[in-house]
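Hello,

Here is the structure I said I would pass on. My notes on its charged side chains follow below.

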Amino acid sequence: QVQLVESGGGLVQAGESLRLSCAASGSISNINAMGWYRQAPGKQRELVAAITSGGTTNYADPVKGRFTISRDNAKNTVYLQMNSLKPEDTAVYYCHVKKSLGWGVTYDYWGQGTQVTVSS
């Protein structure tokens, strides 16, 4: 089992910044990737950004150039620096971890979610 604890959400005005953190604990070996998803009311959960154990990053088009994902492997923590926030970034943000179980099998773990609200 992997436990994920998120922090850093809140209410900000458009143009401001927030940093989300997600600390992983428990059975943290063989974690392939860590990342962030978000879900706005009435919409499907979508990928925001992800980072592999080797440091390769992937961003959704709407956040490219504004958000930066990073990972501290020593602390088993992933961060999402969000700059130039827009009202359309308002959503519940979920930390995600993909863990390898061996034999090509992986398992997804999710945090409890943290609310990010951007006012115009």
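Which residues are linked in a network of salt bridges? They are Arg38, Glu46, Arg66 and Asp89. A salt bridge here is a side-chain nitrogen of Lys or Arg within 4 Å of a carboxyl oxygen of Asp or Glu.

Before the rest, some background. This is a predicted model, in which local features need pLDDT of at least 70 and side-chain atom pairs count only at pLDDT 80 or more, while totals for chains, interfaces and linings use all residues. Residues are numbered from 1 along each chain as its sequence is written, and side-chain values use heavy atoms, with hydrogens and water left out.

The whole structure holds 5 salt bridges. One of them joins Asp89 and Arg38, at 2.9 Å from N to O. Asp89 sits in the loop between strands S8 (77–82) and S9 (91–102) and Arg38 in strand S4 (residues 31–39), so the pair ties together parts 51 residues apart in sequence. Strands are DSSP runs of E, at least two residues, numbered from the N terminus.

Asp89 is buried, at 1% relative accessibility, and Arg38 is buried at 7%. Buried means under 20% relative accessible area, exposed over 50%, and partly exposed in between (1.4 Å probe, protein chains only).

Another salt bridge pairs Asp108 with Lys98, at 2.8 Å from N to O. Asp108 is in strand S10 (residues 105–110) and Lys98 in strand S9, 10 residues apart. Asp108 is partly exposed at 34%, as is Lys98 at 28%.

Lys64 and Asp61 also meet in a salt bridge, at 3.0 Å from N to O. Lys64 is partly exposed at 49%, whereas Asp61 is exposed at 61%.

Regards

How values were computed: Helices (H or I, at least four residues) and strands (E, at least two) are DSSP runs, numbered from the N terminus.
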